[in-house]
Amino acid sequence: MKTADIRSTFLEFFRAKDHAIVPSSSLVPASDPTLLFTNSGMVQFKNVFLGSEKLPYARAADVQRCLRAGGKHNDLDQVGYTARHHTFFEMLGNWSFGDYFKREAIAYAWELLTGVFKLPAERLWVTVYQTDDEAYDIWHRQVGVPAERIVRIGDNKGAPYASDNFWQMADTGPCGPCTEIFYDHGPGVAGGPPGSPDEDGDRYIEIWNLVFMQFDRAPDGALSPLPAPCVDTGMGLERLAAVLQHVHSNYEIDLFEHLIRVAGELTGTRDLANKSLRVIADHIRACSFLIVDGVLPSNEGRGYVLRRIIRRALRHGWMLGVRGDFFWKMVAPLVEEMGAAYPELAARQAFVEDALRTEEQRFGETLEHGMRVFDEIAKKAGTIIPGTDAFRLYDTYGFPVDLTADIARERGLSVDMAGFEQAMNEQRERARAAGRFEAKGQMPAELASRLAPTVFLGYEALSAVACKVVG
Ligand code: ATP
Ligand code: MG
Ligand code: MG
Ligand code: MG
């Protein structure tokens, strides 16, 4: 089944169950200072859960474009390393706003997966929140999932890639216990079942999360009940497509096949399983949709996340031997793949291409030089790239520190992040002093601007500033 057919089958299923079909919202949350990007389908409904917004319907379903490259949900460093994570992905979701609750939500999910999509029940595992006997009983008694394939799981604070059955959008806001459905890709793939020590593999892949929204979390961590219990579900389209297309990796589905083939042509790479091609195919989606949604490369906030993703993609192209611009040429095949589902992408193709090409040409001038400098630094460094060197790459060659860390990781090295922050702070101090000078009219503006080129506040601060949340 093609990705496009999965989207429409999902929506049709819920339309027939009286759900209003709503369009995807933007990757930039409408007016939510707690969130950098739309990271799940529920974001556009947050105020409905909280009771401050009323909708003319109590049930809804959609396909939401999501980005997890900053803030509480950040999968940027997973891309290229797992079969199941993207920065940009599409989330299939259905909602009940004070209408149905656990029983119906679970029954619908099971009917769709096993009845409509015909997934073999014996390959499905489920998890429930450790104390949620109600969800456990529904799965076991009503649906008939055997106890061996139902796992009780708590909230796994501090272990970001461990299963966690208490879902929250951010550190504050709507949240609640959840139950998740996993698909077993079989013994040919490494990884253990959910909740086991080696669950962070690609064998048992989480496909659908059903959240029972019951609480609003305050900044001090306290939970208060929502006006009405709600259901919020999210299923990764690409993960479901992998299952339905009998491939193991998300990057082998129809939608990616085309993008990866073109990336291979543009970079002269014959091995289409090459990790860099996957990263490039992932990043063209994130970057294009961010630009469609009004973000442009810059040195702060959302624009800096975009710049970082673009530069990571360009560096992968460089690694494959590309020495000119290429990344913007991926927009056309992306439009062919996704323009029908997202007309706004097709409509802004030329604009997206221009924005990417401009950034590409700008970074192209320093990328090659910066890579040579990185090699020299790496030769001298032991296992850790000193913070001052990471800062030099940042300041002189436009290497965001996560790009440097990414290159280092590939070579088994790491970056002294604290040292980088310190170098950054020192520069900020110098800039401030320069600003004072300038106020007195004693420093030429040109010099001051060279001393104060950026407002980047550090990697962690990036999310914290824009979101003021986020753990
Ligand atoms: P994982 O544990 O695999 O990282 P998650 O628990 O963080 O996933 P949820 O927040 O529960 O994911 O999101 C709902 C669904 O969205 C997941 O069950 C999965 O199918 C999909 N999903 C989540 N993150 C990604 C991603 N980075 N790329 C593709 N699909 C994703
Ligand atoms: Mg995750
Ligand atoms: Mg998970
Ligand atoms: Mg989950």
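**Exercise 1.** Which residues point one way from strand 4 and which the other way, and are they buried or exposed?

*Solution.* The model is a predicted one, in which local features need pLDDT of at least 70, side-chain atom pairs count only at pLDDT 80 or more, and totals for chains, interfaces and linings use all residues. Residues are numbered from 1 along each chain as its sequence is written, chains are lettered from A and ligands numbered from 1 in the order in which they are written, and side-chain values use heavy atoms, with hydrogens and water left out.

Begin with the element itself: strand 4 covers residues 124-129, where strands (E, at least two residues) and helices (H or I, at least four) are DSSP runs numbered from the N terminus. Leu124, Val126 and Val128 point one way, Trp125, Thr127 and Tyr129 point the other way, and all are buried; buried means under 20% relative accessible area, exposed over 50%, and partly exposed in between, with a 1.4 Å probe and protein chains only. In a regular strand the side chains alternate between the two faces of the sheet.

**Exercise 2.** Describe how strand 4 is joined to strand 7 and to strand 5.

*Solution.* Strands pair if DSSP finds at least two bridges between them. With strand 7 (residues 173-184), strand 4 pairs in the antiparallel sense over 5 bridges, and Val126 has Ile181 of strand 7 as its bridge partner. With strand 5 (residues 150-153), strand 4 runs parallel, joined by 4 bridges, and here Tyr129 stands opposite Ile153. Finally, strand 4, helix 4 (residues 133-143) and strand 5 make a right-handed β-α-β unit, right-handed meaning that, with the strands pointing away from the viewer, the path from the first strand over the helix to the second runs clockwise.

**Exercise 3.** Work out what surrounds ligand 1.

*Solution.* First, 16 residues surround ligand 1, and the closest are Asp75, His85, Trp167, Glu206 and Asn209; a residue counts if one of its heavy atoms lies within 4 Å. Next, look at the polar contacts, which are pairs of N or O atoms within 3.5 Å: an oxygen atom of ligand 1 is 2.7 Å from an N or O atom in the side chain of Glu206, while a polar side-chain atom of Trp167 lies 2.8 Å from a ligand oxygen atom. Taken alone, ligand 1 exposes 590 Å², of which the protein buries 91%, as found by the Shrake-Rupley method with a 1.4 Å probe. Lastly, strand 8 gives the largest share of the shell, 4 residues.

Methods:
A polar contact is a pair of N or O atoms within 3.5 Å; within protein, one must be able to donate a hydrogen and the other to accept it, and residues adjacent in sequence count only if both atoms are side-chain atoms.
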